[in-house]
Amino acid sequence: MERHTLIDENSEFDAVILAAGDFPRGTAAKGILTKTRPLIVCDSALEEIVEYNSRQTEEHQLTPAAVVGDGDSLSPTLMERYHAIWHHISEQEYNDLTKATRFAIENYHPKTVAYVGATGKREDHTLGNISLMAFYLRELGIRPTLITDYGWFTPAKDTATFESFPRQQVSIFNVSCKHLEGIGFRWNPYTYSELWQGTLNEATGNEFTIKSDGEFIIYQTFEPK
């Protein structure tokens, strides 16, 4: 049975990928971004890195290991400035987040990957990026976690236990389960047929468990209600 720990600024990952949504400002997301190496940057997020570094002392600046994407959001100036770590991938079947993920797997072989800056700005991108977490778990063989300023998304399958705390807000998104149940919740989970049905639940103690026959995505907040 899988067990998932709480996420905070000291959580450790094998790699971190910065997407081009809202730049991380929450304690956990920003802490993971600044401490985790290697840092892989989607090309459209590179301007955010440059702006962030302009406000930091040299020792606190972010140093990407690679910038990955199709280049459609990258200015010629930045492309030239970062040419040594710029990796152009022109195919359009996958988005830049997936291109960065595949690059990380091929070059750094991570087992756990943190995603930050993957929500905000574009709602369609946000929904796509969240759903990709289940795809990465299933198809790419990594354990991804998408971290926002308010909480985090964790894909899982079958039976899994999650560390929590009383009154932590939890949402459950059914991806492929034909049977789903859980313990440790204010309201008993069931086999949801709509995405909204599993939202706005609440943990009652220091852990909760989902028992299922498929894939699902859990969202947990950093703060209790």
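Reader: Why are α4 and α5 called roughly parallel to each other?

Author: Helix α4 (residues 96–108) and helix α5 (residues 123–140) pack at an angle of about 30°, and angles under 35 degrees count as roughly parallel, over 145 as roughly antiparallel, 65 to 115 as roughly perpendicular and the rest as oblique; α4 and α5 are therefore roughly parallel. This is a predicted model, where local features need pLDDT of at least 70, side-chain atom pairs count only at pLDDT 80 or more, and totals for chains, interfaces and linings use all residues. Residues are numbered from 1 along each chain as its sequence is written, and side-chain values use heavy atoms, with hydrogens and water left out.

Reader: What makes the contact between α4 and α5?

Author: From α4 come Leu97, Thr98, Thr101, Arg102 and Ile105, and from α5 Asn129, Leu132, Met133, Tyr136 and Leu140. Contact means heavy atoms within 4.5 Å.

Reader: Why is the pair of Trp152 and Phe222 called tilted?

Author: The ring centres are 5.1 Å apart, with 40° between the planes. Rings of Phe, Tyr and Trp (its six-membered ring) pair if their centres lie within 6.5 Å; planes under 30 degrees apart count as stacked, over 60 as edge-to-face and the rest as tilted, so the word here is tilted.

Reader: What does the pair of Trp152 and Phe222 tie together?

Author: Trp152 lies in strand β8 (residues 151–163) and Phe222 in strand β12 (residues 207–224), so the pair ties together parts that are 70 residues apart in sequence.

Reader: How do you know whether Trp152 is buried or exposed?

Author: Its relative accessible area is 1%. Buried means under 20%, exposed over 50%, partly exposed in between (1.4 Å probe, protein chains only), so Trp152 is buried.

Definitions and conventions:
Axes are lines fitted to C-alpha atoms, for helices over the stretch in contact, and angles run from 0 to 180 degrees between N-to-C directions. Helices (H or I, at least four residues) and strands (E, at least two) are DSSP runs, numbered from the N terminus.
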